[in-house]
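Here is a short report for a reader new to this structure.

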There are 4 protein chains.
Amino acid sequence: MDLGISDRAAPLIAAIKDMIAAQIAPVEAEFAAEVGKHPDGRFALTDRQIAIMEGLKQTARDRGLWNFWLTGSDAGYGLTTVEYAYLAEEMGKSTLAAEVFNCNAPDTGNMEVLERYGSAAHKERWLKPSLAGKIRSAYAMTEPDVASSDATNIALQAMRDGDDYVLNGEKWWISGAGDPRCKLVIVMAQTDPEAAKHQRHSMFLMDMDTPGLRILRPMQVFGHDDAPHGHMHLEFKDVRVPTDQMVLGQGRGFEVAQGRLGPGRIHHCMRAIGQAERALELLCERAVTRRAFGKPLAELGANFDIIADARIQIEATRLLCLKAAWMMDTAGTRAAQPWISMIKVAAPLMALRVVDEAMQMHGGMGVSQDTPLAWMWTQLRTLRFADGPDAVHRRQVARAELKKYVKDTK
Amino acid sequence: MDLGISDRAAPLIAAIKDMIAAQIAPVEAEFAAEVGKHPDGRFALTDRQIAIMEGLKQTARDRGLWNFWLTGSDAGYGLTTVEYAYLAEEMGKSTLAAEVFNCNAPDTGNMEVLERYGSAAHKERWLKPSLAGKIRSAYAMTEPDVASSDATNIALQAMRDGDDYVLNGEKWWISGAGDPRCKLVIVMAQTDPEAAKHQRHSMFLMDMDTPGLRILRPMQVFGHDDAPHGHMHLEFKDVRVPTDQMVLGQGRGFEVAQGRLGPGRIHHCMRAIGQAERALELLCERAVTRRAFGKPLAELGANFDIIADARIQIEATRLLCLKAAWMMDTAGTRAAQPWISMIKVAAPLMALRVVDEAMQMHGGMGVSQDTPLAWMWTQLRTLRFADGPDAVHRRQVARAELKKYVKDTK
Amino acid sequence: MDLGISDRAAPLIAAIKDMIAAQIAPVEAEFAAEVGKHPDGRFALTDRQIAIMEGLKQTARDRGLWNFWLTGSDAGYGLTTVEYAYLAEEMGKSTLAAEVFNCNAPDTGNMEVLERYGSAAHKERWLKPSLAGKIRSAYAMTEPDVASSDATNIALQAMRDGDDYVLNGEKWWISGAGDPRCKLVIVMAQTDPEAAKHQRHSMFLMDMDTPGLRILRPMQVFGHDDAPHGHMHLEFKDVRVPTDQMVLGQGRGFEVAQGRLGPGRIHHCMRAIGQAERALELLCERAVTRRAFGKPLAELGANFDIIADARIQIEATRLLCLKAAWMMDTAGTRAAQPWISMIKVAAPLMALRVVDEAMQMHGGMGVSQDTPLAWMWTQLRTLRFADGPDAVHRRQVARAELKKYVKDTK
Amino acid sequence: MDLGISDRAAPLIAAIKDMIAAQIAPVEAEFAAEVGKHPDGRFALTDRQIAIMEGLKQTARDRGLWNFWLTGSDAGYGLTTVEYAYLAEEMGKSTLAAEVFNCNAPDTGNMEVLERYGSAAHKERWLKPSLAGKIRSAYAMTEPDVASSDATNIALQAMRDGDDYVLNGEKWWISGAGDPRCKLVIVMAQTDPEAAKHQRHSMFLMDMDTPGLRILRPMQVFGHDDAPHGHMHLEFKDVRVPTDQMVLGQGRGFEVAQGRLGPGRIHHCMRAIGQAERALELLCERAVTRRAFGKPLAELGANFDIIADARIQIEATRLLCLKAAWMMDTAGTRAAQPWISMIKVAAPLMALRVVDEAMQMHGGMGVSQDTPLAWMWTQLRTLRFADGPDAVHRRQVARAELKKYVKDTK
């Protein structure tokens, strides 16, 4: 069980760190400051934003720092999930890096759907430009009116009508759908309410500009709209999608959804580790430079304990994420499932604690626009319910545990 | 030790609840939606905002629901702190109520400074219109460059020059200073760096439009600027203040600051209790109406335990706040000091936990603009360092405790 | 809502403190050291133990410090539950005090059963000598083979046979049944498995030496047998009890059990508060006298925070207990029920945390026979399931909360 | 960084599991029941105890299951620390296994001292019989009168007198010193109070029956004396030790102490992991078989969450221990130091939480003599201060972390 940094991964990590430090970090503030300057509003990219991002992407492509997430694939580096995990951690420390290296969510998960389950036509139309970083995509699962943590509740209707399905309903928290470059949306819809519980739903691919599909509003995360990426509230009103834009076939929506989620959750968790590391760094820098009562903050009160606990929790949680990645690599998605649920609970909680302590060490500055901590915290907080709330993942872990003792625990 | 609702307080609580439910709550969303519509920006009040607020204030005055915070005073109701605490709890459940009843921070603390320590001229110029709700005020203590948790660090300089003091430096997190109706700012400045530790600072009263005083920017709280109230970053550049606008006298800044903080912290804590109650209400409503896995959320997982712990913690913390208020009423500010530090640690932490669980019960909706929970959480989070970070208050509590065992613990 | 120390209670508290300090505490170690010296084993009292205890009881009776727990009664002081709570806190700091003042569990609860529900004959036979401190008693509810947290599970059978009931089954954790002075045992048994859920059980009074009733063994609490008091495992083999030794009537066992538990839980919780206070005292004494790294322990690491949190939690929890007592006094057992469940969860958890920190501050000494801390911790740990485990009480609190929102939550 | 079970370790783990299940576990209760039956008291071994233990040891030796702890050595298996860690975990699940396989504390640490630092004569006299399992040994560091967490405080005096040192003072918590087979005690004593801080102490080897060395009493751990192993309070009164029984040389006590502690702490932590696994097993078995309110306990309240959190914490902590072991194997004791401090904090805390939940799931039975849980809990609780209290280890972790930011943090 080798959880270390491989010889293949080491130079890639170094190159990513280097490019983030030298080229990406220096322009992050400028990119953020552009938000809202376009006359069309916050969800339009300014020329300057386009120039920054496309320039960085070109550099990344030129340096071969691209599409690392394609684990176990002939395309790209063919990294293992463990190897990629270390890269994801580094990217988590920067607000722009994941996109620069074409490794951003939800696009990577969407590309995986296309690669694993898409038809040749689907691949040509959407996977190719996605892999090239030409378009972006969104994944529409969550709905406002049902508890989407139990995905069998998904209620957006898709009714067969000739060669089309006609979709009606609402989705919200559709991340990335605000971006004007978002061209594809993958939609889970109910195609047969009478079918067996896990065969009721199907997965559709459709263009963002399909008639009847409308952005109602951006959802806010503690007051952030995360423009231009955005988490959009969408309305589907008689949206017609041809049957050949269905993935795999009617009733196979769950199969696609399950296949999509494993790696994405590991990536999220490793980026959370990266954010926790960045937060601890800021905490320590503050602790050794800021003084009160005649001493550096580091030497006051419980601060040694706070720093030690942060370090302990980061290390333990990183190892757990790496083990989940290793399970994915060696034992497959199904066997890795409880491990992914474990890190999905553990990593965001841990990172939130570390960021919270880092904020507290900074006083008012910690919640303000002057550090990335408040932004980190709000991002991380959404991870506690995105891709399934903690309670659902704990339930999965517990059921896997109890299976050892009894056959039929519900 | 009567910590209950007195016969005098009961009808006031009822009247406040009634006015919030019938008149204030219905217009809160409209008031918030006006932010940013004024051509001068987010920190200007629109005509509609003025109409809403002044209308409500007039109603409050007409109904005698005004200036309750004047505890132990001949003016107003002469409520005890315990009595007022129950009123503050109710006001905490609404975003506008405190201002409607002229009980909003930081104005109440500032009015207390004027009443206790102000000269007749100070009272005429600033207290009278404040009590009438005609002007608002700010209190400028915290600075960006020093750890203000140790107030002896305060470094903004005030140099005597003839009949004036000349102030130079920066303050930040000056709440309420964004509001165009804010006319007074109370500033703590260093007047003699060579004096004994607690005699180095003095307190000044000055108009917000004093030349040289400039708003650099609004500070954001997790991305919220809390406009039009605002938490401003201020610059003082050769700001001249006549000596007769000093409170009490040179070197007595600490005395004023200490006198100001006790009641304000109790009010903050009781408003936090009110927010926790409101959050638990939202949590329970969601828990009984939303369904997953065939059951209402209330019956799933740890939700009974979460609800019970929230109820237990709210009740225990409310009682602790009431005891601190009772100490203030019966034993005085000095004896109440450790009690106030206790609730300053306990109440925000408790309320944050309850709001966090309420957010989690709502999934994505919980962090969005569709419930008040995200706003509550961000507000409450600042209470963990505003008026002294948790660590400083814990230190005070511990030192008071250890004094029983040893004479000279540092 | 007066939660303070009344004028009536103040001198009693002082007298109790005084007698504990002057007469009880000095002989506690000697009393404990006698355990095991009697040739009949650990559950026999030595002459010295009898001399100590009876001497102290005589003094207590002579000073009128006796039977305080008889709240709201003509007998004794007629104290309110709030008043008694403060006395119980003091008694909790000593291992022998509760018995000395005839206020020890489970006897007080048993006497309450006799007073409220007993016949004249029951009172003459068992209440009178109990009130006089001549005999002790036990209460037999919990069984080894069923989850007694759900009391409807109680399975010890009582079959009617002529003028007797014949009991068969086992009970365990029967506290006080080890004491040779224990003469009465109150037994809950199933009399009709076909009756409605809460009418299946009845309550019996019987002598400890009833034929067929046998002590199988003492249960240990983390290795302590708590001799001579003891927590016994009992066997009932064809034990015959005359029908007139049934309390209230067949099928009314739950009614008696419910009536019994409220005050007892408050007493337990207030004694836990007393233990937490005693532990914090030991912690602080150690913290100011023991030195490491050139400083008293108090000034190292997180110790200020630990002390402050202990103080905050003790104060908040005490107030919660007092409020529960006040509810019992003013609103009755039924309305007080959720409040009692709240403190039953909160007080032992809080006290365990404080004692745990006190142990940690003492290092090895803290878990040894050289401080009372290890004994306190083990005692307190049993409170988390005795009289209902935390989970059951949290369930009660949650259901009471949710009742406000929905009619029929299970 | 291979943290998995190696091909070499796998069959050893299987053999250990097998021997524990088939031969050791079945006699543990009988061995424990013998304690106290010897006429000389609890700290004498009965013939039956000797027969059991020596029989098991002979079997272990015959099967080659012996002295695994000799990591990186030519003697024995030459296992890595990572490999041994997995074995230690298994041994932690049994009360007798570690001794059966000659891998028990404190003997392994003492043998390491002898192997690394002992002279040829020391090895012949004490190491040889220790490796053969013929004698046992103790390690005497902690003292009653000083905070031994700061080892520079160690005050037991050793004064040079001719060819001897003369020792005077007390030690306590000397584990294993109660066992009649304990022949060697390694004693840290102060030889020069004027020397530099870390050169004041020296390490001595001496027979347990050296004149002047006396057992004052066994220390109790929550009422357990852990006989016949024991944690003894020792008195040294003019104890003469020849200079050639000093290890390494005068003033080198710290060097020896440091070298001794690393591996031992890893072993302790991995045994704690084993205990946590055993506790979770008991918890789950109870949760699926015991019923209340019409359901198995597993499906009630927060039990899914409790089980999931236990599983998550066990896995993360095990990985952290393995990483510390790997650091020891690949980077050496010094580099591994902060990692060892991390697990020394994390593993006992985690195991205590899991055992505590397992106790709670069992109700009264959980703290009684009927499960191993209470014994596990008390054992584990001592680990939070043995070999350095949590606070000291957190301090080490924090200082290692802050070193990255500043040169001279104290």
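In this predicted model, chain D superposes on chain A by a rotation of 180°. The shift along the axis is 0.0 Å, and the RMSD is 0.0 Å. Such a relation is that of a two-fold axis. Both copies use the same surface: 100% of the contact residues of chain D recur in chain A. Which residue of chain D comes closest to the rotation axis? That residue is Asp2(D), whose C-alpha lies 2.0 Å from the axis.

Now take chain A by itself. Its secondary structure comes to 10 helices and 10 strands. The radius of gyration is 22 Å, close to the 22 Å that the globule rule gives for 410 residues, so chain A is as compact as a globular protein of that length. The table collects further values for this chain.

| Property of chain A | Value |
|---|---|
| Span of the C-alpha trace along the principal axes | about 80 × 60 × 40 Å |
| Buried residues, of the 410 residues | 60% |
| Contacts joining residues at least 24 apart, among those between residues at least 6 apart in sequence | 71% |

One hairpin deserves a look. Strand E2 (residues 157-161) of chain A runs antiparallel to strand E3 (residues 164-175) of chain A. Five bridges join the two strands. Met159(A) has Val166(A), in E3(A), as its bridge partner. Two residues sit between the strands of this hairpin. There, Gly162(A) takes a positive phi near 65°.

Methods
Residues are numbered from 1 along each chain as its sequence is written. Chains are lettered from A and ligands numbered from 1 in the order in which they are written. This is a predicted model: local features need pLDDT of at least 70, side-chain atom pairs count only at pLDDT 80 or more; totals for chains, interfaces and linings use all residues. Helices (H or I, at least four residues) and strands (E, at least two) are DSSP runs, numbered from the N terminus. The radius of gyration is taken over C-alpha atoms; the globule rule is 2.2 Å times the number of residues to the power 0.38. A residue is buried if 20 or more other C-beta atoms lie within 10 Å of its own, exposed if 12 or fewer, and partly exposed in between; C-beta atoms are placed from the backbone. Two residues are in contact if their C-beta atoms, placed from the backbone, lie within 7 Å. Two strands pair if DSSP finds at least two bridges between them. Copies are superposed by least squares on the C-alpha atoms of residues with pLDDT of at least 70 in both.
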